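Visitor: Please take me through a single part of this structure in detail. I would like to look at one pair of strands first, and then at what surrounds that pair.

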Amino acid sequence: MAKCAICDKGVTVGIKLSHSHIRTKRTWRPNLQRVKAIVDGSPKRIMVCTRCLRSGKVQRAI
């Protein structure tokens, strides 16, 4: 679910490191926005990361 439809950016997994050096797993999710975009000539709602929106890789539908 948490994946960009344009660049396939998804969840990244790593560790959280506390002050006492206890290591626990954590995730970083991409900043996804649900936008109406032109996909294969027709408007469709897709999940797109903000980097793809900002760089102009998505043609927005009105």
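Guide: Strands β3 and β4 run antiparallel and are joined by eight bridges. This is a predicted model, and the values below are computed from it.

The largest nonpolar core has 10 residues: A2, C4, L32, V35, A37, I46, V48, C49, C52 and V58. Two elements, β3 (32–39) and β4 (42–49), are the ones that give two or more residues to this core. As a general point, side chains in a regular strand alternate between the two faces of the sheet.

Now take the cysteines of the core. C4 counts as buried, because its relative accessibility is 1%. C49 is buried too, with a relative accessible area of 2%. In general, a disulfide is a covalent bond between the sulfur atoms of two cysteines. A search of the whole structure finds zero disulfides. For C4, the closest cysteine sulfur is that of C7, 3.6 Å away, and this is too far for a bond because the cut-off is 2.5 Å. For C49, the closest cysteine sulfur is in C52, at 3.5 Å, which is also too far for a bond. C52 has contacts of its own: leaving out residues up to four places away in sequence, C52 touches C4, I6, C7, K57 and V58.

A2, another member of the core, is found in the segment before β1. A2 counts as buried, because its relative accessibility is 18% and the limit is under 20%. Apart from its neighbours within four places in sequence, A2 is in contact with K9, G10, V11, R29, P30 and L32. L32 also belongs to the core. D8 lies in the segment before β1 as well, and D8 has a positive phi of about 60° although it is not a glycine.

Strand β1 (residues 12–17) and strand β2 (residues 23–28) pair in the antiparallel sense, over six bridges. I15 stands opposite K25, which is in β2. Five residues lie between β1 and β2 in their hairpin. H21 is in the loop between these strands, and its phi is near 65°, a positive value in a residue other than glycine. H21 counts as exposed, because its relative accessibility is 51% and the limit is over 50%. The C-alpha atoms of A2 and H21 are 29 Å apart, although 19 residues separate them along the chain.

Last, the chain as a whole. It contains one helix and four strands, in the order β-β-β-β-α from the N terminus. The C-alpha atoms fill a box of roughly 55 × 20 × 15 Å along the principal axes. The radius of gyration is 16 Å, whereas a compact globule of 62 residues would have one near 11 Å. Of the 62 residues, 21% count as buried. Among contacts with a separation of 6 or more, 28% join residues 24 or more positions apart. The accessible surface comes to about 5100 Å², and 49% of it belongs to carbon and sulfur atoms.

Notes
Residues numbered from 1 in each chain as written. Predicted model: local features only at pLDDT ≥ 70, side-chain atom pairs only at ≥ 80, totals over all residues. Heavy atoms only, no water. Pairing = 2+ DSSP bridges. Core = buried A, V, L, I, M, F, W, Y, C linked by side-chain atoms within 4.5 Å. Buried < 20%, exposed > 50% of the residue type's maximum accessible area, 1.4 Å probe, protein only. Contact = heavy atoms within 4.5 Å. Rg over C-alpha atoms; globule rule 2.2 N^0.38 Å. Areas by Shrake-Rupley, 256 points an atom, 1.4 Å probe, with all protein chains shown as cover.
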